[in-house]
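Work through the exercises below with the sequence and the model open beside you. Try each task before reading its solution.

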Amino acid sequence: MQFEYATKSEFQRVLNEAVFLFQETFNSYYQSSEEGSLQYLSIKKLLNHCQSISVILDGTSFEAIENSTQVDHASAKVLLRSIIEIYATLTSLFWFEGKDILNEREFRFLVYKYSGFKSRQKLNHDGINSNELREKIKSEKNKIKIIKKLIQKKVLS
């Protein structure tokens, strides 16, 4: 198997086109909803990470040291992993086969929200001194119960 690699200029051209298309089509697809907001922020984050990788791969050097040019591949790989995770999340929430079936889309989004709230509840809350943050955690506990019931209804219907 032979791989073809994109040049830096080709990558930048495709990235710029993706940003342009995102900006141009955003108003057509974005709805003032939680789902629309999540989709918008996720795509924006994905594109920002791609741009950051592009900058990192340009390399850096120390002015005071000759021939010190280096590329931080490890940081680029961390961002690449994040891009893959964002893409997987977007695919599972918005771009899956059957996405037009309202119940399926709502179910997936409820599970996503539930998982996020649930994972935050597992964090150590002992050192929290802020009353506002304690109230938010308590509020999220209540949201977890509500979302769990909604998920169970979707499963049973």
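**Exercise 1: the chain as a whole**

In this predicted model, among the contacts in the protein chain between residues at least 6 apart in sequence, 55% join residues that are at least 24 apart.

Task: Describe the secondary structure of the protein chain, and then decide how its radius of gyration stands against the globule rule.

Solution. Begin with the elements: the protein chain comes to five helices and zero strands, and reading along the sequence gives the pattern α-α-α-α-α. Next, take the radius of gyration, which is 21 Å, whereas the globule rule gives 15 Å for 157 residues; the value is well over the rule, so the chain is more spread out than a compact globule. The C-alpha trace, followed along its principal axes, spans about 60 × 45 × 35 Å. Finally, turn to burial, where 23% of the 157 residues count as buried.

**Exercise 2: helix α2 and a histidine in it**

Solution. After α2 comes G59, a residue whose phi is positive, near 85°. Second, list the buried residues of α2, among them L38, L46, L47, H49 and I53. Leaving aside residues up to four places away in sequence, H49 touches L79, S82, I83 and I86.

**Exercise 3: how α2 meets α4**

Task: Work out how the axes of α2 and α4 are arranged, and say which residues make the contact.

Solution. Two packed helices are described by the angle between their axes and by the distance between those axes. For helix α2 (residues 34–57) and helix α4 (residues 102–121), the axes come within 12 Å and cross at roughly 70°. Angles of 65 to 115 degrees count as roughly perpendicular, and α2 and α4 are therefore roughly perpendicular to each other. The contact itself is made by E34, E35 and L38 on the side of α2, and by F109, Y112 and K113 on the side of α4. Sorted by class, the contact of α2 with α4 holds three nonpolar, no polar and three charged residues.

Conventions
Residues are numbered from 1 along each chain as its sequence is written. This is a predicted model: local features need pLDDT of at least 70, side-chain atom pairs count only at pLDDT 80 or more; totals for chains, interfaces and linings use all residues. Side-chain values use heavy atoms; hydrogens and water are left out. Axes are lines fitted to C-alpha atoms, for helices over the stretch in contact, and angles run from 0 to 180 degrees between N-to-C directions. Helices (H or I, at least four residues) and strands (E, at least two) are DSSP runs, numbered from the N terminus. Angles under 35 degrees count as roughly parallel, over 145 as roughly antiparallel, 65 to 115 as roughly perpendicular and the rest as oblique. Contact means heavy atoms within 4.5 Å. Ala, Val, Leu, Ile, Met, Phe, Trp, Tyr, Cys and Pro count as nonpolar, Asp, Glu, Lys and Arg as charged, and the others, Gly among them, as polar. Buried means under 20% relative accessible area, exposed over 50%, partly exposed in between (1.4 Å probe, protein chains only). The radius of gyration is taken over C-alpha atoms; the globule rule is 2.2 Å times the number of residues to the power 0.38.
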